Amino acid sequence: MGSTLRKSQAVRQAPGSAPLERRRPAGGAPKLREGQREAAAETSQPVVSVREKQIGDHERTLKAHKEEDNPQKTMEANGLTPVPDSYDYDLIVIGGGSGGLAAAKEAAKYEKKVMVLDFVTPTPQGSSWGLGGTCVNVGCIPKKLMHQAALLGQALQDSRKFGWQLTEEVKHSWMTMTESVQNYIGSLNWGYRVALRDTKVTYENAYGEFVGPHTIKATNKKGIEKLYTAERFIIATGERPRYLGIPGDKEYCISSDDLFSLPYCPGKTLVVGASYVALECAGFLAGLGLDVTVMVRSILLRGFDQDMANKIGEYMKEHGVNFIREFVPIKVEQVEEGTPGILKVTAKSTTGDQMIEGEYNTVLLAIGRDPCTRKIGLDKVGVNINEKTGKIPVNDEEQTNVPHIYAVGDILQGKLELTPVAIQAGRLLVRRLYAGETTKCDYVNVPTTVFTPLEYGACGYSEETAVEKFGEQNIEVYHSHFWPLEWTVPSRDNNKCYAKIICNIQDNVFTNLSVTKRSGEDITVSGC
């Protein structure tokens with residue numbers, strides 16, 4: 001830091017010395033003039049420089065110091081990199097879902113200073129939730145509990161054949177179910193916060209956004225901003241449901257983010273989409289006795305084995321779920337207010353000009369999910385994303401193109417979107433970073449279950465992928481229809497269950513696909 005001579009100041013010459021000569025500084029006059037221009041542009045003196053880089057005038061620097069009380073943050077905000085021993089944390093995890101929490105707690109085991117930032121932006125309908133991410137709050141947990149509610153309804157019907165005598169009409173209460181499910185979820189939210197506290201992980205309910213290579217801005221619900229620095233970062237922000245982009249979609253439609261805490265029974269429901277979320281929700285709503293229609297643009301369960309997907313669709317149709325194939329909504333209008341009200345949906349054929357209309361109490365959109373990566377400042381730190389999908393490309397160690405920034409979970413490009421996978425990937429990543437381990441996450445041989453009325457369990461490649469990868473001439477398929485013992489006494493759904501094993505004849509068994517009513521999950525031993 002230094003001062004400049006003012007025009008009014010005189011330069012005194014020592015007695016007997018030689019006359020002063022004007023010397024050109026190293027680097028030439030242009031560099032001198034540039035420095036003079038920068039200094040003249042500031043409003044207060046002195047101009048402060050760190051490591052030969054100007055970071056601002058006296059007033060700006062003093063203000064930054066008072067607000068942040070950390071000169072290193074001021075430096076980075078102005079394009080400078082703080083020294084490693086000045087970071088606030090060893091690791092900051094952006095996102096408090098399953099993968100992020102697993103990574104944070106694992107890092108704490110190695111006595112690292114860890115922070116978790118988690119913030120839920122409310123849905124267009126105003127729904128929000130606590131710590132734990134999608135799976136706990138608006139995904140796997142409430143979905144499986146409501147799926148269980150539907151199965152219990154079927155069990156009550158079966159029970160008569162097993163000798164149970166029901167003396168009164170059995171009815172289902174949506175409010176009782178949702179209240180019970182939300183109470184359980186609330187206990188999980190609290191448990192996660194306690195676990196972070198017990199492991200000395202700092203938690204802030206704030207929205208994280210990169211503002212510098214090692215600096216993140218955290219904004220809470222009151223709009224108060226804070227800056228934190230870290231040596232490393234893990235992005236685990238997950239995904240949110242996609243909307244159609246048509247008139248009335250955000251105004252009148254709900255998503256899975258709203259369904260599990262909906263304060264009223266949805267009534268006659270149109271489910272838009274053919275994803276596993278769409279079919280699972282349609283399945284348990286129908287199982288609870290509601291009138292359910294699924295509007296499908298093209299195929300069911302894209303990315304899954306299509307032989308199995310079609311069997312699931314056939315079973316659902318036989319059990320009262322209506323399907324409208326090759327149509328997409330183009331407009332949603334409110335006919336009558338209420339809880340639920342009445343909505344009119346106009347849809348257009350994907351193969352021609354045919355238009356149809358229908359009235360429903362609730363329209364549930366389940367057309368896919370988008371990664372929460374476009375508004376967290378990744379462009380400011382140079383992290384590459386797929387511009388079309390928003391997914392983050394990583395190497396086989398979950399590392400982005402920026403060496404100190406990593407990512408886990410559903411936001412990864414080309415990886416499975418499953419809770420157990422995110423948890424495993426987060427833990428293994430941290431062990432490689434801080435414990436010297438080398439094990440990497442396996443994204444292929446992972447069991448998963450789709451909780452449709454006819455549950456679908458799978459592990460490994462689908463038949464389509466196997467043919468593409470190994471060639472049709474190199475695979476053999478062993479399959480069988482079967483009848484679960486518990487279905488024999490009530491005499492229902494004879495031979496509707498189906499199991500399939502796909503083999504690579506040049507190698508060995510690489511894919512095991514099975515579908516049953518209550519054994520699909522058990523066979524593949526999967527949680528989500």
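At roughly what angle do the axes of α6 and helix α10 (residues 276-287) cross? In this predicted model, local features need pLDDT of at least 70 and side-chain atom pairs count only at pLDDT 80 or more, while totals for chains, interfaces and linings use all residues. Residues are numbered from 1 along each chain as its sequence is written, and side-chain values use heavy atoms, with hydrogens and water left out.

The two axes cross at roughly 35° and come within 8 Å. Here axes are lines fitted to C-alpha atoms, for helices over the stretch in contact, with angles from 0 to 180 degrees between N-to-C directions; helices are DSSP runs (H or I, at least four residues) numbered from the N terminus. The crossing of α6 with α10 is left-handed (near helix turned anticlockwise from the far one by less than a right angle; right-handed if clockwise). On the α6 side, K143, M146, H147 and A150 meet E280, F284 and G287 of α10, where contact means heavy atoms within 4.5 Å.

Turning to the other partner, helix α6 (residues 140-159) and helix α7 (residues 174-198) have axes that come within 10 Å and cross at roughly 145°. This crossing of α6 and α7 is right-handed. Residues making the contact include I141, P142 and L145 of α6 and W174, M177 and V181 of α7.

As for cysteines, the whole structure holds zero disulfides (pairs of cysteine sulfur atoms within 2.5 Å). C140 is buried at 9% relative accessible area, and C281 is buried at 2%; buried means under 20%, with a 1.4 Å probe and protein chains only.

Key. Helices (H or I, at least four residues) and strands (E, at least two) are DSSP runs, numbered from the N terminus. Buried means under 20% relative accessible area, exposed over 50%, partly exposed in between (1.4 Å probe, protein chains only).
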